[in-house]
Amino acid sequence: MPYRKFSDYLIEKYHEKVYKISLNIKCSCPNRDGTKDNKGCIFCGETGAGFETLGNSVPIKEQLSKNIDYIGKKYNAEKFIAYFQSYSSTYLPLDTFQYNINQAIDDRILAVYISTRPDCLTDEQCLFLKNIKEKHHIDIVIELGLQSTHNQTLLYLNRHHTYEDFTDCVAMIKKHGLEVCVHMINDLPEESLEHVIENAKRLSKLKVDQVKCHSLYVLKNTVLGNRYEKGEIRLLTLDDFIERTISFLEYLDKTIVIQRLIGRAPKEETLFCNYGRNWRYIVDKIEADMLKNNRLQGSKSQVF
């Protein structure tokens, strides 16, 4: 494999197949509730990123049990990762956040992954997670939505946080012995190939643990969707996306785990997604191009 694939990493670490269980909780985001804005990021839909989760009215333990039962039988799996996926799962009062995490602790859970923003995590939450990690001997990974390390791009995306907020958050997470996964979009129309390469260099320098790559999909009833329908944005081509993703990987330190190369969105809610191609086709093409041309993750990275 020309990059450090997440599924390979999980087997290497846990010595068996491990599957992510997505959990949906009642939470929002300072970019939607009026604290910083009420419109959200320009690409964000009404359900956040939790397309494949049960409703947030279902108790966490019930979500966990139902999903473990379904996935366990389907893939013959016995161990799992609890993944708090939708919106900013740390954007809650401390006692509510602690309750949610405790509800996800189970003998079958080897790790807890928590999706949030760089401006929605506190030192108190990290200290609590550190104690959970040590008490239950499970791994804790904070998944930070970033999309770009460039402040001008973050402004365009209406993120309402900066790259400096992100680096401060990474330092806080690392201080408590927790791990970091960073979400990135490699085909933003506001960025060039040079921007993407610089993104990889910066993440490598920060020694993040994992990266989750996305392509830019356009949802209905979003700011981005409205601009797309009016012809105000020019999306890149599939070839552009593939080249940017491969270049990103070449400049990314080879020790960083790649959770995914491309995202997915429900067809009925999208105006544009993955260039009209199946996600598996695109992943296969990226991997084939990398192998054919000996373009490997970290081959151009200067981080040692």
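Start by selecting Thr162, which caps the N-terminal end of α6 with a side-chain oxygen 3.3 Å from the backbone nitrogen of Glu164. This is a predicted model, where local features need pLDDT of at least 70, side-chain atom pairs count only at pLDDT 80 or more, and totals for chains, interfaces and linings use all residues. Residues are numbered from 1 along each chain as its sequence is written, and side-chain values use heavy atoms, with hydrogens and water left out.

**Stop 1: along helix α6**

Now extend the selection to residues 163–175, the 13 residues of helix α6. Helices (H or I, at least four residues) and strands (E, at least two) are DSSP runs, numbered from the N terminus. The end C-alpha atoms of α6 are 18 Å apart, in agreement with the 18 Å that its residues should span at 1.5 Å a residue; the expected span is 1.5 Å times one less than the number of residues. Just after α6, Gly177 has a positive phi of about 75°.

Which residues of α6 are buried? Colour Tyr163, Phe166, Cys169, Val170, Met172 and Ile173 to see them. Buried means under 20% relative accessible area, exposed over 50%, and partly exposed in between (1.4 Å probe, protein chains only). Their cover includes α4 (123–136), β4 (139–147), α5 (151–156), β5 and α7.

**Stop 2: into the core**

Select Leu203 next. Together with Val112, Val211 and Phe248, Leu203 touches the most other members of the largest nonpolar core, which has 78 residues. Such a core is a set of buried Ala, Val, Leu, Ile, Met, Phe, Trp, Tyr and Cys residues joined through side-chain atoms within 4.5 Å. Leaving aside residues up to four places away in sequence, the contacts of Leu203 (heavy atoms within 4.5 Å) include Phe166, Met184, Val211, Phe248 and Ile256. A second, separate core of 13 residues includes Leu110, Val141, Cys181 and Val257.

**Stop 3: Asp187**

Move to the loop between β5 (179–185) and α7 (193–206), where you will find Asp187.

Show the side chain of Asp187: it reaches the backbone nitrogen of Leu216 at 2.8 Å and makes a polar contact with the side chain of Tyr275 at 2.4 Å. A polar contact is a pair of N or O atoms within 3.5 Å; within protein, one must be able to donate a hydrogen and the other to accept it, and residues adjacent in sequence count only if both atoms are side-chain atoms.

**Stop 4: salt bridges**

The structure holds 18 salt bridges. Pick Glu243 and Arg295, whose side chains meet at 3.0 Å, N to O. Glu243 sits in helix α9 (residues 238–250) and Arg295 in the segment after α10 (279–292), 52 residues apart. Glu243 is partly exposed at 31% relative accessibility, whereas Arg295 is buried at 17%.

Finish in helix α10, where Asp284 and Arg280 lie four residues apart, about one turn of the helix. Their salt bridge has its closest N and O atoms 3.0 Å apart.

Terms used
A salt bridge is a side-chain nitrogen of Lys or Arg within 4 Å of a carboxyl oxygen of Asp or Glu.
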